[in-house]
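Good morning, colleagues. Please look at the structure now.

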Amino acid sequence: MIIRDNNPVGSAALHVFCRFLASLFVLSMRVLPIIAMFFLFATSPALAQSPVLTLDGPRAPETLQGHIDSFLDPSGAMQTAEILALPEDAFSPVITAAPDFGYTDSTIWLRIAVRNVTSDVVSWRLHFRENFKQLLAVHVVDARGVSKTTYDVGPGDPFHKRPIAYPEMVAPLQLRPDETATILIEYWSEGSSHLAFGFETETSFAASAASRSAKNFLYYGMMIIPLLLAALALVIYRHPVFAAYIGSWLAALLFVMHSDGVTFQYFWPNAPDWNSFASIPLGAGVIILSPNFARVFLNTKVNHPIIDKLLWAVMGLASAMVVSSAFLDNQTLKKLLVLLSLVSVGMCAFSGFVAALTRFKEVRFFVLAWLGFLFAASIMSLRHWLGIEISQDFQNDVIRSVMVVDATLMGLSIADRYNQLRLSRQAAIARRYEEENRNLKLLARLSDLERRFAQESEQLKSRDVASANTLHDLQQPLAALRLNVRALSGPAEQSPSAVADMEASFTYIEGLMNAASRQRENEVTLNASAPELAEQERGATYGLRKVTDGVVQMFLPDAAARGLELCYVPSHHDTKVQPMQAMRILSNLLSNAIKYTDTGRILFCVRKRGETLRVEIHDTGKGLTRAEFLKAKERSTRLFETAEGKHGEGLGLAIVDELARATGYEVDLLCERASGLSLGVSFPIAQD
C-alpha cells in the first residue's frame with residue numbers, strides 16, 4: 001500500500017522537527033562530556049589555578065612569581081583535607097615577587113603546581129629563605145589527590161625535628177621524572193609573613209649550603225677579630241669606650257646570627273620558645289647598646305647634653321618595649337622594634353653630625369660608619385613597614401657588608417680619636433711647659449718684690465706721709481698678687497686675659513716699689529702736686545677698662561679666700577686714665593670692701609654718667625653716713641674692725657682722697673645705707 005501525504009505543509013514541519021532532534025542529540029553528545037568534566041572538577045580537590053612550574057633544575061625564588069596561589073585562614077584551625085576541598089576561587093594568585101601578607105595572625109596556605117621534567121633527578125629540596133617560623137608544614141599532593149607531609153615543625157619543636165639540619169628551613173621532596181604534583185605550604189609567623197622559597201636539587205642544595213655556611217662563618221670571623229682587639233684594648237687601657245664598642249657589636253653579631261638561624265642550630269637548639277622570642281631582646285639590645293656606644297664615644301653628657309638625653313630616651317623606650325612583651329602582642333612589638341631601630345641608628349648618626357661640626361677629625365670615621373648603618377636600617381624599614389619588595393638575601397647581604405665595614409670604621413674611629421687625643425696631650429704638655437716656665441718667672445718676680453718690700457718697709461717706716469702711703473698701698477696688692485700666683489701654679493689652665501692681668505698687677509706693684517725707691521734715694525715725694533704727678537706719668541696713659549680688669553683680677557683670689565662673691569660688670573665705654581694713680585685708688589677701695597665685709601657679695605661695676613665714667617663699688621658690709629665718710633677720709637681714722645676682728649690702719653680712704661684730688665678724679669659716697677657701703681670714683685671722659 002502506498003500512502004501519500006496529502007498535506008505538504010505538515011510533512012515539511014515534521015521533517016524540520018526531526019532534523020532539530022537530530023541536531024540536539026549531536027550537540028548534547030558534545031556538551032555532556034564538558035558538563036561531566038565541570039562537575040568532576042567542581043567536586044575534586046582544589047588543585048592549581050596558576051600555571052604549572054616546570055622543574056628542569058634549581059629554581060630561584062624570583063622565578064616562581066606568577067605560579068603561586070594563596071589562601072588565608074583567620075581561624076588557623078583548617079586541616080589539609082579541608083583546604084583540598086575548597087572551591088577553586090577560594091585561592092588568589094600571589095602577584096608579588098615573594099609571598100608577603102604583612103604582619104597577620106592568620107594561618108597562610110600557599111599552593112604551587114610543579115612538574116619534574118628532568119630524566120634522572122628524583123630528590124628535590126624546597127628551600128625557604130627564612131630561619132624560623134612558628135609553624136611551617138609542607139604537603140605534597142600527587143595526581144591522584146593523595147597528600148603526603150614532608151615537613152611539619154611547630155612552635156614547640158626543637159631544632160632536631162627539622163628533617164634537614166640547616167639554619168634555614170628546608171623540606172625534602174621526592175618527584176619522579178615527568179611527575180606532576182601540587183605542593184601546599186602551611187605557615188604562621190609571629191613576625192613578618194614574608195616567605196621567599198625556591199627549588200633545589202639535592203646536589204645543588206649541598207653546594208649552595210656549603211657556600212652559604214662558609215660565607216656566614218667568614219663574616220662571623222671578620223666580626224669577631226675587631227671584638228677581640230677591642231677586648232685586648234679594654235684590658236690594656238681600661239677605657240669604657242672599648243667596653244661600649246664590644247657590647248654594641250656583640251649584640252649586632254648575635255642578632256645577625258639569630259637572623260641566619262645559627263643561634264637556634266648551635267646555641268639553644270632545644271629552646272624553640274626562646275628562639276621565637278629571642279629576636280625581641282636581641283633587637284632591643286642592638287637598639288640600646290648602639291646609642292650607648294655613641295654616648296661614650298662622643299662624651300655627649302659633657303659635650304652635647306641635649307643629645308645625651310635623646311639617646312637615653314631611645315634606650316629607655318627600647319627597654320620598656322622588652323618589658324612590655326610580657327603582656328603585649330609580640331608580633332606588634334617586632335614590627336615596632338624595626339621602626340625603633342631606624343630611629344636609634346638615625347640618632348647615632350645625628351649625634352655624630354653634631355659632634356663633627358666642632359671636632360670633625362675626631363669623629364669622621366664614626367659618622368661614616370653610622371651612615372652605613374642608617375642605609376641598612378632604612379632597607380629593613382622599607383620592607384617591613386612600607387611593604388616594598390626587597391629580597392631577604394639582599395637585605396642580609398647588605399646588613400653583613402655594612403657591619404663588616406662599619407666594625408672596621410668604628411675601630412678606626414676609636415684609633416683616630418686616641419691619636420687626636422695624643423696630639424692634644426702633646427700640645428697640652430707643651431703649653432703646660434710654657435706655663436711652668438712663666439710661673440717660675442712670676443714666682444721669681446714675686447720673691448723679689450717681697451724681698452724689696454721688706455727692705456723698703458724698714459727704710460720707710462720712719463719717713464713722711466708719702467712713705468706711709470706707699471707702704472699701705474703695697475701691702476694688700478702684694479698679698480692679693482701672692483694668691484694669684486699660687487692660682488696660676490695650679491692644675492687649671494689660665495686664660496690669656498688672666499695672664500695679661502697678672503702682668504698688669506706686677507707692673508703696678510713694681511711701679512710702686514720703684515717709686516718708693518726713687519723717693520728714698522732722691523727725696524721725691526709721691527704726694528707731689530697734680531702737675532708733678534702728671535709729669536711723672538706723661539705718656540703713660542691706659543684705658544680705664546684695662547685698669548679695672550687688672551684690679552679685679554688682682555683681688556679675685558682674696559675675695560674667694562674670704563668666701564665673698566666678687567661680681568664685675570664692666571662698661572663698653574672707655575677713657576684714658578693715669579694708670580698708677582687710678583689703680584692705687586681702685587685697689588684701696590676694693591681692698592677696704594673685701595676687708596670690712598664679713599659675708600655676702602661685692603659689686604664692682606663701671607657706668608657712664610654724663611661726661612664721666614664712674615667706677616662703683618657696692619658691698620654688704622657695714623654702712624657709712626656722710627659724716628662718717630668725711631671723717632674716714634682723715635688720716636689714721638679707724639671706724640670699724642676688719643672681718644677678722646682687727647682694726648685697720650685708717651689710711652685707705654685718706655690715700656684715695658689725696659690721690660683723687662691730686663689727679664682731678666672725684667671720690668664720693670653714692671648713698672647712705674644702714675647695711676653696706678656704696679662708693680664711686682668718677683673719671684672724666686677724654687675728648688678726642
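I begin with Phe-159, which counts as buried at 8% relative accessibility; buried means under 20% relative accessible area, exposed over 50%, and partly exposed in between, with a 1.4 Å probe and protein chains only. This is a predicted model, in which local features need pLDDT of at least 70, side-chain atom pairs count only at pLDDT 80 or more, and totals for chains, interfaces and linings use all residues. Residues are numbered from 1 along each chain as its sequence is written, and side-chain values use heavy atoms, with hydrogens and water left out.

Rings of Phe, Tyr and Trp (its six-membered ring) pair if their centres lie within 6.5 Å; planes under 30 degrees apart count as stacked, over 60 as edge-to-face, and the rest as tilted. By this rule there are 19 aromatic pairs. Phe-159 is in the loop between strands S7 and S8, and Phe-264, 105 residues apart from it, is in helix H5; helices (H or I, at least four residues) and strands (E, at least two) are DSSP runs, numbered from the N terminus. Phe-264 is also buried, with a relative accessible area of 2%.

Consider next Tyr-166 and Phe-205: their ring centres are 5.3 Å apart and their planes at 70°, so this pair too is edge-to-face. Tyr-166 lies in the loop between S7 and S8 and Phe-205 in helix H3, so the pair ties together parts 39 residues apart in sequence. Both Tyr-166 and Phe-205 are buried.

What of the surface? Val-235, in helix H3, is exposed, with a relative accessible area of 56%.
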